[in-house]
Amino acid sequence: MQAPLGATRRLHKAPAADHPAEWANPSARRPSYRGELGGWWPIDGRTGGPISGKTTDEARVGARQDAGQDPDQDTGLTLTGERTLPGIPEENYWFRRHEAAYLRLARYCADAVVLEAGCGEGYGAALLDRTADRVLALDCDRATTRHVARRYPGLHTVRGDLAALPCGRSTIDVLASLQVIEHLPDQPGFLAECARALRPGGRLLVTTPNRITFSPGRATPLNPFHTRELAAAELTDLLGRAGFTVQVLAGLHHGPRLRQLDLVHGGSVVDAQIAAALDGRWPPHLLADVAAVRVEDFTVRDGDRNDDRDIDRDIDACLDLIAVATAP
């Protein structure tokens, strides 16, 4: 996930998230099976495994005790620039930008068995769990998976390698990977793993920053955590080579309010944030504007118009690419 480049320094501990309480505890909305994780999921032992191999509640306590922490205390995660976190004013723009994509894609997870590959802080997996049958939140980082198990007990959390997904062949209905593929050194290998894990006709949900607008004119990505960024045509080609059929290719854009903020802040509110983070000082008016960004300030436009040239121009001008593809 992308965050302002200068935010790679250790700025904050994340406070309590400001999203709805049901995100953190979807079991309050519907019955939830509380047995062994392996009883829910076709975990095949290729890598990782359930946190402590226990039920979710046991995992939450065990993870905190393993770390020498009070089981009733949520310590949060450190903002490094590699992922976005909720509840931080300086990070709110990026959080809402990612949240807008999750909300757009949640419709594809209704009543499905969902794996999120690269779940980060967990807020997105929790959002998808509002409509899904069940969600497995997968990340390679130990501290991250412990945090997710603590903060979002309705999820089932696994630490594992995205190069060898810890699930059986053709066992997943929907595989979501948002703002992740640009971080991976072997993008074709990851997509091959996605195709293996998905049931025939299963859906792959991918978002990634648009190379054309995120790192314009650069041979290497602006964000040091990114290995390779993609334009729309490159993402489509990559998915096709992995055997996927792209059903939807959409672009996330600034809505009217954010376009106005672009004008207020010298032409780009994103560039203004990067400059503030690099400088280490946030002008009060910029911080106030960033902290007030809402998910409704972003818009997602599909390629559903009649003129293909308009579609191409629209996609190339977007901030983030959003793809829905079906597995062979």
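1. Let me start with a strand pairing. Strand E7 (residues 245-254) and strand E8 (residues 298-302) run antiparallel and are joined by five bridges. Within this pair, leucine 252 stands opposite valine 300 in E8. E7 also runs antiparallel to strand E9 (residues 320-326), with seven bridges between them, and here valine 246 stands opposite alanine 325. Two strands count as paired if DSSP finds at least two bridges between them.

2. A word on the basis of these notes. This is a predicted model, in which local features need pLDDT of at least 70 and side-chain atom pairs count only at pLDDT 80 or more, while totals for chains, interfaces and linings use all residues. Residues are numbered from 1 along each chain as its sequence is written, and side-chain values use heavy atoms, with hydrogens and water left out.

3. Now the overall picture. The protein has 13 helices and nine strands; these are DSSP runs numbered from the N terminus, with helices (H or I) of at least four residues and strands (E) of at least two. Of its 328 residues, 55% are buried (buried is under 20% relative accessible area, exposed over 50%, partly exposed in between, with a 1.4 Å probe and protein chains only). Among contacts (heavy atoms within 4.5 Å) with a separation of 6 or more, 74% are between residues 24 or more positions apart.

4. Next, the nonpolar cores, meaning sets of buried Ala, Val, Leu, Ile, Met, Phe, Trp, Tyr and Cys residues joined through side-chain atoms within 4.5 Å. The largest has 49 residues, and Tyr93, Val114, Leu155 and Leu205 touch the most other members. Helix H4 gives this core its largest share, seven residues. Another core, of 34 residues, lies apart from it and includes Ala195, Ala197, Leu235 and Ile315. As a general background, nonpolar side chains in soluble globular proteins tend to be buried together.

5. Two neighbours deserve a look together. Leaving aside residues within four places in sequence, tyrosine 93 is in contact with a list that includes His254, Val290, Val293 and Phe298. Asparagine 92 lies in H4 (residues 92-105) and is buried, at 8% relative accessible area. Not counting residues up to four places away, asparagine 92 touches Val290, Ala291, Ala292 and Val293. A polar atom of the asparagine 92 side chain lies 2.9 Å from the backbone oxygen of valine 293.

6. Which residues of helix H9 (residues 232-241) are buried? They are Ala232, Leu235, Leu238 and Leu239. These four cover an arc of only 130 degrees around the axis, so they sit on the same side of H9; the arc is that of the directions from the helix axis to the C-beta atoms. Ala233 and Arg241 are exposed on the other side of H9. Just after H9, glycine 243 takes a positive phi of about 95 degrees.

7. Finally, some backbone angles to check by eye. Most residues other than glycine have a negative phi. Serine 170 is not a glycine, yet has a positive phi of about 55 degrees. Serine 170 is in the loop between strand E4 (156-159) and strand E5 (172-178), and is partly exposed, with a relative accessible area of 32%. Glutamine 179 also has a positive phi of about 55 degrees. Glutamine 179 lies in the loop between E5 and helix H7 (187-197) and counts as buried, at 3% relative accessibility.

Definitions and conventions: A polar contact is a pair of N or O atoms within 3.5 Å; within protein, one must be able to donate a hydrogen and the other to accept it, and residues adjacent in sequence count only if both atoms are side-chain atoms.
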